[in-house]
Amino acid sequence: MLAYIFRRLVWMVPSLVAVSFLAFFLIQLPPGDYVTTYVATLAASNEIVDQRTAQELRERFGLEQPFIVQYWKWITGILLRGDFGLSFEWQQPVSGLIWERMGLTLLLTSSTLAMTWAIALPIGVLSAVRQYSVVDYFFTFIAFLGLAIPGFLLALVLMYVAVVHFGQDVGGLFSEEYQTAPWSFDKFVDLLAHLWVPVVILAVNGTAGLVRVMRANMLDELHRPYVTTARAKGLSEIRLLIKYPVRLAINPLISTIGWMLPQLISGATIVAVVMSLPIAGPLLLQALLSQDMYLAGAFLLLMCTLTLVGMLLSDILLALVDPRIRYD
Amino acid sequence: MTDTAPVLEVRDLHVSFPTRTGVVRAVDGVSFSLARGLTTCVVGESGSGKSVTARSILQIVDTPGRITGGQILFHRKDGSTLDLAAMDPRGRAIRDLRGDEIAMIFQEPMSSLSPVHKVGDQVGEAVRLHLGLSRRQARERAIDLLASVEIPDPHRAVDRYTFEFSGGMRQRVMIAMALACDPAVLIADEPTTALDVTTQAEILDLIGRLQQQRGMTVMFITHDMGVVAEIAHDVVVMERGKVRESGPVRSLFASPRDAYTRMLLGNVTKLERPSDIRLKRVEPPVPPPPILRIENLSMVFPIVKGIMRRKVGEVRAVDGVTLEVRPGETLGIVGESGSGKTSLGRCILRVTDPTGGAIHYRREDGTEIDLAKAEGEALRAARREIRMVFQDPFASLNPRMTVAQIVGEPLLVNGLARGAELRDRVSALLERVGIEPGWAERYPHAFSGGQRQRICIARALALKPRVIVADEATAALDVSLRARMLDLLLDLQDELNLAYVFISHDISVIRYMCDRVAVMHRGKVVETGEATQVCDNPTHAYTKALLSAVPRPDPEARRIHLRHRYVAAAE
């Protein structure tokens, strides 16, 4: 097992090199660069930037240099100094911008995941055990409804209801007075008061899908001979259900936890934009729109790294919960 | 019948399965009784209701089946009597009996045990539940039980997982689990069907010994008349949910009263000697040159370990095998699981690449090609002439293709026929194997096991092959179908001058079907010769051990407990 993890880690190095190269290449692909976009934005508000100023900006940002030189500067900066470059748009170091939002993103994603699992697994099991019963049809209906409603629509409706009927603003993650305040217990409580709304919205979508997967997994396991064996031993239905089929039906789901990692950045973007949540998704979107290449590049690189780490994590988790899996 | 009082009486039992098209009466008025301390065998083919009857006793019939009538009277040691059929299947009363006073073991020891729980946990579960033992006490008890079913090193075995054991060892674990609470009745549902003959003999011995030590009553469900003859005291013959005949084993075998019993016994004895079709054949004066010459063939899998994937050992699945197959001849390959017989078949078809040796295939024009090294068009051409029939007729047919598509596919992908011509050829093929051509548009699920295997044969014949490799082609079929399938294969052989490589673990099938036999053990051929000679007068010690472990359908001459045992010389 240790040998396997070591081998995987070694393999990650060339993958990351390739991926970083690709990420840097991709963010340069659209025509023009940050200066072009910047000039266009200014032009829209009737400010004229002459060619010389634009040229100066380009030189200052190093946009005139050949691709490979720019890449080399970027990647060595990250590796040697942890310096992801400067965000053109924010005129701040990229690393500062990212880490600030990653904490909140992590909180939001993990609470969503916990809520999704806590609701979906029992319902999935119940649906499978009482297949084709009223209970099953009811939850199947709810699940499909949840799948079909886009998260952002639910967000809009919830915000509308909250404002019109309760006179409460549920956007964002903090009330105004805590927006820029330093961390305190009150600020944390305020965060929790805001957090549940996006968590519920995001969980509705995730739950619906997970209920169906859990139900299908359970239906596969319920008719396995080992369930009959357990029943022949005299175990009560509920005990044997939890000990045997549920335990096996969860296995494939556990391996998907690792896949959630890249979701930390790209997940929930639309809902976050609608509800103006200060998490990573909208920032990435904005960076891509304005060709803020170092910021976008850092996000892409982080996402790729998280994907690779997540896949390794999945494999390790699966080996831990399923003794049949050996990676030697 | 017997002088002892019955421990369990089944009276007029009815079990039905409501389906969309109507109610299936899986068990339809079955009555029998189990004599205390003795073995009663329930025998029948698939669909006879024997398994459902057994499960009804513990009320663990799969949904939607349920008991719709009759009584199951259980006479306990303390003199009280319970009607199990009247109990609530989910109730406390029946649960307290399950695994405590009546225990059950199942057919497939791998899937009937949980793969993710340790052996000790599963074996000790019943004692914790019924006797209220602590975790530690249950573990001690599990170790004792594993020792009593003769599992080596029980202290370590208790902490291992089931997939770390061989099939025979898993079935021992299963038996240990059933014995946990010292049950009065042990119900065994085809416990040896999935095992090799030598392993089967060991498990039968073990069950017999445990029964004597503990004075247990055993209800043994099987389809194998040989096993019945070896172990039964009383026999119940079932067919389509009804009891056809029951009685003491000797009188039932000596003078069966029912036509169905006679048919079952007849089919078994039919396979005790070579097929009539083969006996009628005339030997050609000069034997034709072999169509396949396998020379020193080997197939080695490396075992790698560690960070650098160093090779630390190897598995020699096929180890220096030399064999010949003549046109129109059947060569049997017999051996137990892990003997390399399937690997050999896969090498001939080049599904796997052999690691050494040669397979010379003689083409129709007399030229030879080495299949072990052939590539490209030459290999594809040879593959058209060497086809395969697989063991499991359920798994080897694509459920989303019609029979016409399945049988026509080889013709289509090789560009040999299309349109109306394809249809005609498919019809002719189906007719040849005894399937109504009008059913060609149906899907495989509409056919029974025997019919599906016929479809598999039709598919193999589609390209007019010269060699067919049949890997356990009749193992999944009932005895009555088995003989008919073999006859069909023999007829086709006469008609098309086919050569068969017939892989089987079943000696009686080999004797019936094959001209010559090669016995494989751990990748090596230990003995070859004429089928009758090898089956009746084996020379190698391993062949002797293998043959003596086969149960014979003669209750007057029980012998597997007297069998030869083969201990491979240290290599």
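A polar contact is a pair of N or O atoms within 3.5 Å; within protein, one atom must be able to donate a hydrogen and the other to accept it. The views below are drawn from a predicted model.

**View 1. The interface of chain B and chain A.** By the rule for polar contacts, ten residue pairs, both members at pLDDT 80 or more, are found across the interface of chain B and chain A. On the side of chain B that touches chain A, the elements giving two or more residues are helix 1 (50-58), helix 3 (119-130) and helix 6 (167-179) of chain B. Helix 3 of chain B gives the largest share of that side, six residues. The residues of this side divide into 14 nonpolar, nine polar and eight charged. In total, the contact takes 31 residues from chain B and 24 residues from chain A. The two chains bury about 2,600 Å² between them, and 62% of this area is on carbon and sulfur atoms.

**View 2. A salt bridge between Lys233(A) and Glu125(B).** Over all chains, a search of the whole structure finds 51 salt bridges. Lys233(A) is in the loop between helix 9 (225-232) and helix 10 (237-254) of chain A, while Glu125(B) is in helix 3 of chain B, so the pair joins two chains. Their side chains meet at 2.6 Å, N to O. Across the interface of chain B and chain A, the rule finds four salt bridges.

**View 3. The six-stranded sheet of chain B.** This open sheet has the strand order 6-7-8-3-9-10, with mixed pairing. Strand 6 (102-105) and strand 10 (242-248) of chain B are the edge strands, each pairing on one side only. With direction ignored, neighbouring strands of the sheet are turned by 15° against each other on average. Strand 7 (residues 185-189) and strand 8 (residues 217-222) of chain B pair in the parallel sense, over five bridges. Within this pairing, Ala188(B) has Phe220(B), in strand 8 of chain B, as its bridge partner. Helix 7 (residues 197-214) of chain B packs on the sheet and touches strand 3 (39-43), strand 6 and strand 8 of chain B. The direction of helix 7 makes about 160° with that of strand 8 of chain B. Helix 10 (residues 259-270) of chain B also packs on the sheet, touching strand 9 (234-239) and strand 10 of chain B. Between the directions of helix 10 and strand 9 of chain B the angle is about 100°.

**View 4. The four-stranded sheet of chain B.** The order of this open sheet is 2-1-4-5, with antiparallel pairing. Its edge strands, each pairing on one side only, are strand 2 (22-35) and strand 5 (81-83) of chain B. From one strand to the next, the twist averages 10°. Strand 1 (residues 6-19) and strand 4 of chain B run antiparallel and are joined by seven bridges. Leu73(B), in strand 4 of chain B, is the bridge partner of Glu9(B). Helix 1 of chain B packs on this sheet, touching strand 1, strand 2 and strand 4 of chain B. The direction of helix 1 makes about 110° with that of strand 1 of chain B.

View 5. Most residues other than glycine have a negative phi, and most peptide bonds are trans. The peptide bond from Thr63(B) to Pro64(B) is cis, with omega near 5°. Pro64(B) is placed in the loop between helix 1 and strand 4 (66-75) of chain B. Tyr132(A), a residue other than glycine, has a positive phi, near 65°. The loop that holds Tyr132(A) lies between helix 5 (94-129) and helix 6 (134-148) of chain A.

**View 6. The surroundings of Asp515(B).** Asp515(B) is in the loop between helix 18 (507-513) and strand 19 (516-521) of chain B. The side chain of Asp515(B) reaches the backbone nitrogen of Thr330(B) at 2.8 Å. Leaving aside residues up to four places away in sequence, Asp515(B) touches Arg278(B), Arg281(B), Gly328(B), Glu329(B), Thr330(B), Gly529(B), Glu530(B) and Ala531(B).

How values were computed. Residues are numbered from 1 along each chain as its sequence is written. Chains are lettered from A and ligands numbered from 1 in the order in which they are written. This is a predicted model: local features need pLDDT of at least 70, side-chain atom pairs count only at pLDDT 80 or more; totals for chains, interfaces and linings use all residues. Side-chain values use heavy atoms; hydrogens and water are left out. Contact means heavy atoms within 4.5 Å. Buried area is the accessible area (1.4 Å probe) that two parts lose on being put together, summed over both. Ala, Val, Leu, Ile, Met, Phe, Trp, Tyr, Cys and Pro count as nonpolar, Asp, Glu, Lys and Arg as charged, and the others, Gly among them, as polar. Two strands pair if DSSP finds at least two bridges between them. Axes are lines fitted to C-alpha atoms, for helices over the stretch in contact, and angles run from 0 to 180 degrees between N-to-C directions.
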